[in-house]
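This briefing sets out selected local features of one protein structure, grouped by topic. Please read it alongside the sequence and the coordinates.

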Amino acid sequence: MTDQQSFRYDPQAVEAKWQSRWAERHTNEPDLDRAPRPFYNLMMFPYPSAEGLHVGNMFAFTGSDVFGRYKRLRGFDVFEPIGFDAFGIHSENYAIKLGIHPAELIPRNIANFRRQLTRIGGMFSWRHELSTTDPAYYKWTQWLFLQLYKAGKAYQKNGAVNWCPECKTVLANEQVINGFCERHPDTRVEQRALEQWYFRITDYAERLLSNLDDRSKMDWSDTTTQAQRNWLGRSEGAEIDFALGGDGGAIRVYTTRPDTLYGATFMVLAPEHPLVAQITAESERAAVDAYRAHVASLDLVSRKVGDKDKTGVFTGAYAVNPATGGKIPVWIADYVLMEYGTGAIMAVPGHDERDFAFARKFGLPITRVLARAGQDADAPMLEAETDTAGYALVHSGMWTGRPAAEAHRDLTAWLEREGHGTKTVRFRLYDWCISRQRYWGPPIPIIHCPSCGPVPVPEEDLPVLLPAIDDFRPDDSGVSPLARHEEWYFVPCPACGQRARRETDVSDTFLDSAWYYLRYPSTEFADRAFDAARTRRWGPVAMYIGGNEHAVLHLLYSRFLAMVLHDVGHLEFEEPFATFRAHGLIVKDGAKMSKSKGNVVIPDDYIAKWGADTFRMYLMFLGPFQEGGDFRDSGISGPRRFLEKVWDLVGQCEHVTLAGQEVHQSVVVKRHQTVKKVTEAMEALSYNTAIAALMELLNAMREANCSDRHIVKDMVVLLAPFAPHFSEECWERLGGVTTVFSAAWPTWDEGLTVEDMMDIPVQVNGKTRGKVRVPHGAEESAIAAAAMRQDAVKRFTEGKELKKQIYVPGRLLNLVVG
Ligand SMILES: [Zn+2]
Ligand SMILES: [Zn+2]
């Protein structure tokens, strides 16, 4: 017989035991070639750009792991890989800050991340771990670049780009927040003209948009698909030509509101529009040139901010509004961007806020061309409605009186007939700029030859290794640090053999992470990026969990890359993530965790004190997984006490081999209710609800003094996704072999989830006045209380004194009043 001491729950011992067993027995490594029910459970891999993971990271990883473990208990072969997004500016900046070379620092950080992820008990298939900095990985990142290049989807262009003077590199538009650097909220982003590499993601805009509505391809969180829709920014409108006088040609504009054409009272060109020099009148040239020079010093993003004070100058030129035939003045202003549309707009100040502000400032005419019945259409006010239902055209010649929606369509058709314009669909999306003037990334595999131009590095020469250099820091020149190393960058041209130089830019870290899910199942193959059969078995990812901050960057880029690979024949599917759910965020005592606030919580001490299982349960109990919760130290003892009570319950039935015990009806009902509730909650990622249901089941069992072995076993299985080591140990104590994760998830009987109810007739002074419905075995006091609440009974008892109550169990309740 075991003594009392050994029954004590010792999380450190239990967790160490099971972690080493999982490793020895390869418990978490499904057979990637033969698994009959593959389920690819993926969590966004971390950037090792810090010493370790904080509780916010642990919350996300645990939530993903809970789902993977749950699916495994549902009979799936779950592949849950992990790796490190270790290239890129986050990691490099961290290394610069610490004054340590990233090649030395990053592996050290990875080792600590790996230790933490093991300690928390993630079901990771460590044999398939990867790091994007490993030449065996980035060889294939470079290969991908070449596939895009060959398919005509990668190109080089000299263009205006966002430049962060702190990062000393180019930023994608997605990385600029209201004119400031995403990583440096105090640093204004500048505009620079640089030769850059781009991917033609805009070619895929329509498909990236339409697939969002296709549930057979992607079932994603609504917030995420909406963010992508907004980012893609599809609009339907018209391209319209406004003729310039004489042989001056025309100014082409794109508008989403051709119905407002009669209200176009002036035009605005982007200051860098190529027509500006040609059309500017001599009298205005000095002012125009000065203004253009001023705008050239501004960054692209702050120019897009809508509510700032309007500036601009008149060019002295006029164009003809094709609808009215009238001449309207042509201005230049910084709020019009060359990058969007045609770099020119027809200004409709009666129905556009920015145009209205501009017209007000410079005294330009404001004509309303849309009004609702009863409105004074002659007041020069702003009516910037995007929903034009109920509006009809005014001041619009032959179209006056027509509903706005009809006019949109018919005016576009008229413009096409008259040769003034064409119906056009546009997107807000830009091509993806993938080159970075930094060190810590995969060199772009291109060789520039003075005779041949850009020549791709032959695939058999991959990888182009990132050289080990000491002066890796970026400078303000806009040239990559690799350009300082002639011995690295001079190479013979692969096409003609003459002296050529390597591309010195490295690729964006978002390229590394746009395909990592394809590499995981194929890490052992050195001769291919991803194996066709493996990819067919495991792809697309069944469940992907990650932060919504990646809604438009990583998730959009990954989708784009999968589409290209699909189109060139490397992939069977075109949508990489069948299901995506965004996790919530953890705050600390009500405030967002951040290093600057000093409230970042490192999980290690909590795990050392309470154990990983308690910590996991606590994190999952903080709030709904997709919303997040508030981390307070005071809450963690609750889950620990819960586990101790379950531990004791397991002890009570550990050595009972016969199910001789009669199980209380209410516990049976509770058991079926709990299985149902937990199952539904797991599917919905409502982990806090699942844990609450388990706690209720425990209470019901303790109240009924029940330690039925079958129910306790069910409970251990239901708990296993949250407290895997604990459940393994309990399972073994209850006679389980191998692992609790090969047990079957409990099922429920719908009929048994409803408590057995009975109807009790209620008499007052011997006369039947009503009946109450109560659970079988309800106490007399509960039945009497329920009876007294009934109106039919109240009528005869109110204001009277209850002298006596007679209860015939299961048959009758008689209330004697007087
Ligand atoms: Zn920056
Ligand atoms: Zn050449």
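Helices here are DSSP runs of H or I with at least four residues, strands are runs of E with at least two, and both are numbered from the N terminus. The model is a predicted one.

- Thr 412 lies in helix H12, which spans residues 404-418.
- The relative accessible area of Thr 412 is 7%; because buried means under 20%, this residue counts as buried.
- Leaving aside residues up to four places away in sequence, Thr 412 is in contact with Ala 238, Pro 258, Ala 407 and Lys 423.

**The buried side of helix H25**

- Helix H25 runs over residues 780-788, and its buried residues include Ile 783, Ala 784, Ala 786 and Ala 787.
- These residues lie on the same side of H25, because the arc they cover around the axis is only 165°.

**Packing of helices H20 and H23**

- Two packed helices are described by the angle between their axes and the distance between the axes.
- For helix H20 (residues 637-653) and helix H23 (residues 709-719), the angle is about 145° and the axes are 10 Å apart.
- The two helices, H20 and H23, cross in the left-handed sense.
- H20 contributes Phe 642, Leu 643, Val 646, Leu 649, Val 650 and Cys 653 to the contact, while H23 contributes Arg 709, Val 712, Met 715, Val 716 and Leu 719.
- Sorted by class, the contact of H20 with H23 comprises 10 nonpolar residues, 1 charged residue and no polar ones.

**The open sheet E30-E29-E31**

- An open sheet of 3 strands has the order E30-E29-E31, with mixed pairing.
- Strands E30 (591-592) and E31 (628-631) are the edge strands; each has a single partner strand, so one side of each lacks a neighbour in the sheet.
- Strand E29 (residues 585-588) pairs with E30 in the antiparallel sense over 2 bridges, and Val 587 stands opposite Lys 592 of E30.
- E29 and E30 form a hairpin with 2 residues between them; in the turn, Asp 589 has a positive phi of about 45°.
- The pairing of E29 with E31 is parallel and extends over 4 bridges, with Lys 588 opposite Phe 631 of E31.
- In a regular strand the side chains alternate between the two faces of the sheet.
- On E29, Ile 586 and Lys 588 form the covered face, whereas Leu 585 and Val 587 form the uncovered one.

**Strand E22 and its two partners**

- Strand E22 (residues 446-449) is covered on both faces: Ile 446 and His 448 are buried on one side, and Ile 447 and Cys 449 are buried on the other.
- E22 pairs with strand E23 (residues 453-456) in the antiparallel sense over 4 bridges.
- Cys 449 has Gly 453 of E23 as its bridge partner, and 3 residues link E22 to E23 in a hairpin.
- E22 also pairs with strand E25 (residues 499-502), again in the antiparallel sense, over 2 bridges.
- The bridge partner of Ile 447 in E25 is Arg 502.

Terms used
Residues numbered from 1 in each chain as written. Chains lettered and ligands numbered in written order. Predicted model: local features only at pLDDT ≥ 70, side-chain atom pairs only at ≥ 80, totals over all residues. Heavy atoms only, no water. Buried < 20%, exposed > 50% of the residue type's maximum accessible area, 1.4 Å probe, protein only. Contact = heavy atoms within 4.5 Å. Arc of directions from axis to C-beta. Pairing = 2+ DSSP bridges. Axes fitted to C-alpha atoms, helices over the stretch in contact; angles between N-to-C directions. Left-handed = near helix turned anticlockwise from the far one by under 90°. Nonpolar A, V, L, I, M, F, W, Y, C, P; charged D, E, K, R; others polar.
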